[in-house]
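Dear colleague,

Here is the structure to look through. My notes on it follow below.

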Amino acid sequence: MREVHTSDITQAVYELFLDANYRIGPDVMDRLKQARKEETSPLGRMALEQIIRNNELAAEEDLCVCQDTGISVVFLEIGQDVHLAGGPLEDAVNAGVRKAYLEGYLRKSIVAEPLFDRRNTGDNTPCVQHVRIVPGEAVHVTAIAKGFGSENMSRLMMLTPGDGVEGVRQFVLKTVEEAGPNPCPPLVVGVGIGGSFELCAIMAKRATSLPLTRSHRDPRYAEIERELERDINLLGIGPAGYGGGATALKVHIITAPTHIAGLPVAVNICCHAARHAERTV
Amino acid sequence: MKIHVQLPLTDETVLLLKAGDEVLLSGRVLTGRDAAHRRLTAMLEAGEALPVSLAGETIYYVGPAPARPGQTVGPAGPTSSYRMDRFTPPLLKLGLKGMIGKGRLGPQSLQAMKEHPSVYFAAVGGSAVLISKSIRSSRVVAWPDLGAEAVHYFEIEDFPAVVAVDSRGINLYDEGPKLYRKTAL
């Protein structure tokens, strides 16, 4: 049994959201630079040039890469041999988000209630929390700052088993095609396949936070990832949607067991500013 | 080859600009996004006078992040324009000449642009720090209670953009991807 104080989780969440918002990961920067090298569209190259320069400036000056610093999503994997001491875990996580957004000059974009007053909570809380209890005595925290330009272009579809690989492929391509320039391409496309209605959406979100250098461990799914990336990049949407070859930086698939009658698929689109950071506490 | 464009736009400039032109915008823009557009159109419907004149102006769809001490404005990239579609036709009717945002405009805006010659400029989404360097001053004009969504005057200098929809209705978001598309779904 290991004791972890929830105030340490607050500190981790705070630091992770600053890091995620100020610094685009080296895996994403490498892919952007590769895309700039390969892009044949002049306006596409200009857009990539601007994005890369922007991300460098943000990191140098501790400024948020994008003014939409997103809805804050936190994935927590908590070892079952951990005893959490201190205040309630949910409050501790929200305290970290609050501190990051208030002290880090990040925009507060959360309204307390969706339909009527839409009053801004003023500190970007409450955040969205996904908690999983896992073996061991570590606490792993993943912070995702998810902008809504791309969130609004995400889709979920309950396919049927007969739709198969081709059904999934068509749905992902159609989602990206319809989104067009709106979600700020080049994109990271997170795809959840299987599970239940809500689980496939959560998997799709998680998939947007995976390192771009990684592929699905099942070679059959890794091949679908590669084929989808190739096909998306034939659509012509291009950087910023101005036309060009770089529409997706990566497609990530996460799968789960599902029901004999179903094939849920969720496509969570993430803009080129894929902002996430993680740490083990 | 980038074209230097002075704001407010003149009718001549509106007619000269073509979809796909790279431009550097200088001069004055108004800012406004979802909440400000709702208030502007509610006031119009109630027959009230607007807190700011729109004739000849350009609106930048933006809600900046907070400025650090000493900064004119925080990171301030464009937001998705389609959310303003339902509010845009009455504003164009009042003489609005330009919009700056990112992503597609819907049929309502595109139709209204045909009736009222104007230009839709696109800025690169997610280049908020780079863009903020071209904003020289910022002043609240209306509704400070809206915070990041309040209406501001920005003085901009060499603000990087492209012409996304021109006064003839040519749309870069249609024409650009057509040139590079290598497949049908």
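**Notes on the model**

In chain A, strand β7 (residues 187–195) and β8(A) run parallel and are joined by 9 bridges. Strands here are DSSP runs of E with at least two residues, helices are runs of H or I with at least four residues, and both are numbered from the N terminus. Two strands pair if DSSP finds at least two bridges between them. The model is predicted: local features need pLDDT of at least 70 and side-chain atom pairs count only at pLDDT 80 or more, while totals for chains, interfaces and linings use all residues. Residues are numbered from 1 along each chain as its sequence is written, and chains are lettered from A and ligands numbered from 1 in the order in which they are written.

**The sheet with β7 and β8**

A:Val191 has A:Ile253 of β8(A) as its bridge partner. The open sheet has 4 strands in the order β6-β9-β7-β8 (chain A), with mixed pairing. Axes are lines fitted to C-alpha atoms, for helices over the stretch in contact, and angles run from 0 to 180 degrees between N-to-C directions. Contact between two residues means that their C-beta atoms, placed from the backbone, lie within 7 Å.

**α6 against α8**

Helix α8 (residues 219–232) of chain A also packs with α6(A), at an angle of about 35 degrees and with the axes 10 Å apart. On the α6(A) side the contact is made by A:Val165, A:Arg169, A:Val172, A:Leu173 and A:Val176, and on the α8(A) side by A:Ile224, A:Leu228, A:Asp231 and A:Ile232. By class, that is 7 nonpolar, no polar and 2 charged residues. Ala, Val, Leu, Ile, Met, Phe, Trp, Tyr, Cys and Pro count as nonpolar, Asp, Glu, Lys and Arg as charged, and the others, Gly among them, as polar.

**The other sheet**

Another open sheet of 4 strands has the order β4-β2-β5-β10 (chain A), again with mixed pairing. β4 (128–134) and β10 (275–280) of chain A are the edge strands, each pairing on one side only. Strand β2 (residues 71–79) and strand β5 (residues 139–146) of chain A are antiparallel, with 8 bridges. A:Ile71 is opposite A:Lys146 in β5(A). Helix α1 (residues 6–22) of chain A packs on this sheet, where it touches β2, β5 and β10 of chain A; the direction of α1 makes about 40 degrees with that of β5(A).

Chain A has 8 helices and 10 strands in total. Of its 281 residues, 50% are buried (20 or more other C-beta atoms, placed from the backbone, within 10 Å of the residue's own).

Between the chains, 44 residues of chain A are in contact with 39 residues of chain B. α3 (42–61) and α6 (164–179) of chain A each supply at least two residues of the chain A side, and α3(A) gives the most, with 9 residues. By class, the side of chain A that touches chain B has 22 nonpolar, 16 polar and 6 charged residues.

Regards

Key. Buried ≥ 20, exposed ≤ 12 C-beta atoms within 10 Å, placed from the backbone.
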